[in-house]
Amino acid sequence: MSPDVDLTARMTKRSPLCRLLDLDGRLFEAAAAWHWPGAERVLPRLSRGANHGVLWFATAAAMAAVRTPRARRAAVRGLASLGVASLAINTVGKRSVRRARPVLDPVPLVRQLKRQPITTSFPSGHAASAAAFATGVALESPAWGAAVAPVAFSVAASRVYTGVHFPSDVLAGAALGAGAALLVRRLVPTRAPARHGVRSRAEVPALPEGEGLVMVVNRASGTADRVRALGDALPRAEIVECAPDDVGDALTKAADRARVLGVCGGDGTVNTAARIALRHGLPLAVLPGGTLNHFALDLGVEDERDLARAVRHGEAVRVDAVRYVTGDGEGVFLNTLSLGVYPELVRVRTRWSRRIGGWPAGLLAALRVLRADRHPLEVELDGTRRPLWLLFVGNGVYHRMGLAPGRRTDLADGLLDVRVVHGGRRPALRLLAAAAAGPLTGSPGHAAVQVKRLRLTGLAPGTPLAYDGEVTAVSGEVTVEKLPEALTVYRPLTTGS
């Protein structure tokens with residue numbers, strides 16, 4: 001008998017944690033003893049392929065190559081979710097529980113990885129990345145999520161199969177990854193197109209072959225394939241391609257000869273087309289061709305098939321527009337208007353994007369704006385000048401607000417969605433809190449209200465104002481008011497071809 005063990009001593013009751021760990025070990029040994037048909041060739045390779053997220057980057061690239069808006073959004077959301085999960089694993093997860101890896105004795109040699117990981121076992125980073133990517137993809141596109149899910153499950157299972165993780169490591173990692181994807185959706189809401197009711201249905205001409213439609217295309221939008229597909233679906237439509245600086249002139253000339261004014265580009269280009277369509281009393285046909293395409297997606301037009309079906313069948317709705325008036329002029333927007341941090345961010349991003357690219361410029365702009373020692377906006381409220389970090393005005397009520405606007409389920413609700421982030425210390429925390437709080441919340445840091453008209457006074461000269469992705473300078477007073485159901489826009493009201 002070992003002198004270190006006294007079998008005559010009274011055994012103490014084991015803690016729930018010890019019992020769970022014992023169960024975890026028994027499950028691991030059962031998995032090692034179980035014969036997995038056909039897995040010996042697949043799972044170890046799949047496990048190695050997921051190292052450093054390589055498998056998921058390749059999957060995202062394949063999804064983006066499909067060249068559909070939803071697939072691209074799903075790929076980006078999957079990678080963003082993976083990034084958040086990896087950050088959580090490497091900064092908190094692996095350091096919080098110092099658990100040793102399983103002993104490999106029960107695992108057949110043919111299953112074992114040639115290079116064993118040296119980090120702690122809990123939680124599984126591979127399972128977290130797999131669950132984060134698959135959940136992020138599924139939140140944006142359930143169809144792509146269903147395609148990715150079996151691969152993600154196989155990667156998670158491979159970590160137990162190859163003997164590098166206990167089952168609880170994998171379950172905890174998967175839960176963390178799914179949570180990361182949900183957090184990303186909270187901060188950057190999904191942009192899946194919405195199908196609305198038809199209470200604002202409009203009478204418009206049906207153009208079976210597109211005759212009478214003049215479609216102006218922003219050549220910089222990079223949608224040549226989509227425009228060609230629309231031309232095939234509507235062979236008698238006139239398509240005019242032009243440089244970004246010439247879009248306004250091309251739309252004005254097109255409006256003089258068109259029955260229906262069409263536009264392909266981002267939200268800024270669509271804004272220009274909407275102003276001209278309103279001025280000429282023409283219905284508008286929007287083909288999404290930008291990065292975010294807020295208006296087209298909220299309208300329910302995702303690609304050329306949706307638009308062609310609506311034009312052929314003569315299906316359209318009336319939607320609200322919003323007019324803003326300042327001492328220097330006026331303008332119209334379809335999506336959002338904002339003052340404060342966001343216009344500053346757009347201005348800095350534009351300055352740097354041509355040198356270092358769009359995403360790096362956006363990150364640099366965010367860092368510079370949030371580190372500034374002054375509030376970018378001061379307005380007069382109730383006779384008192386107050387500092388603000390952000391004032392957001394949406395054309396219609398936005399749901400699932402985050403760091404970027406979410407989606408609208410009604411484009412003719414007659415309301416302005418006004419959100420304010422008050423001034424104070426730690427702007428990044430205030431903005432994140434406002435993004436996560438949801439609609440119609442109030443606190444010392446942020447507030448929200450829905451109105452039909454808004455008046456701001458006391459703006460300093462040169463205050464930047466952003467609307468639908470464009471930036472202008474204003475001063476003094478700004479009045480914002482709804483134009484209810486002012487614009488007629490084609491959108492499919494039926495399904496099928």
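Q: What should I know about the numbering and the confidence limits?

A: Residues are numbered from 1 along each chain as its sequence is written, and side-chain values use heavy atoms, with hydrogens and water left out. Because this is a predicted model, local features need pLDDT of at least 70 and side-chain atom pairs count only at pLDDT 80 or more, while totals for chains, interfaces and linings use all residues.

Q: How many disulfides does a search of the whole structure find?

A: A disulfide is a covalent bond between the sulfur atoms of two cysteines. Here the term is applied to a pair of cysteine sulfur atoms within 2.5 Å. The search of the whole structure gives 0 disulfides.

Q: Are C242 and C264 buried or exposed?

A: Buried means under 20% relative accessible area, exposed over 50%, and partly exposed in between (1.4 Å probe, protein chains only). C242 is buried at 7%, and C264 is buried at 0%.

Q: Which residues does a cis peptide bond join?

A: Look at omega for F122 and P123: the value is about -10 degrees, and the bond joining them is cis. P123 sits in the loop between helix 4 (69-96) and helix 5 (125-140). Helices (H or I, at least four residues) and strands (E, at least two) are DSSP runs, numbered from the N terminus.

Q: Where are H52 and E485, and what is phi for each?

A: Neither residue is a glycine, yet H52 has a positive phi of about 60 degrees and E485 has a positive phi near 50 degrees. H52 lies in the loop between helix 2 (39-49) and helix 3 (54-65) and is exposed, with a relative accessible area of 78%. E485 belongs to strand 14 (residues 470-490) and is partly exposed at 29%.

Q: Which residues form a positive surface patch?

A: Patch residues have over 30% relative accessible area and no salt bridge, and like charges are joined within 9 Å. A salt bridge is a side-chain nitrogen of Lys or Arg within 4 Å of a carboxyl oxygen of Asp or Glu. Lys and Arg count as positive. In this model R41, R45, R48 and K114 form such a positive patch. R48, one of these residues, is in helix 2 and is partly exposed at 39% relative accessibility.

Technical notes: Patches are made of residues with over 30% relative accessible area and no salt bridge: like charges are joined within 9 Å, nonpolar side chains (Val, Leu, Ile, Met, Phe, Trp, Tyr) within 5 Å. Accessible areas come from the Shrake-Rupley method with a 1.4 Å probe; for residues, only the protein chains shown count as cover. The place of a charge is taken as NZ of Lys, CZ of Arg, CG of Asp or CD of Glu.
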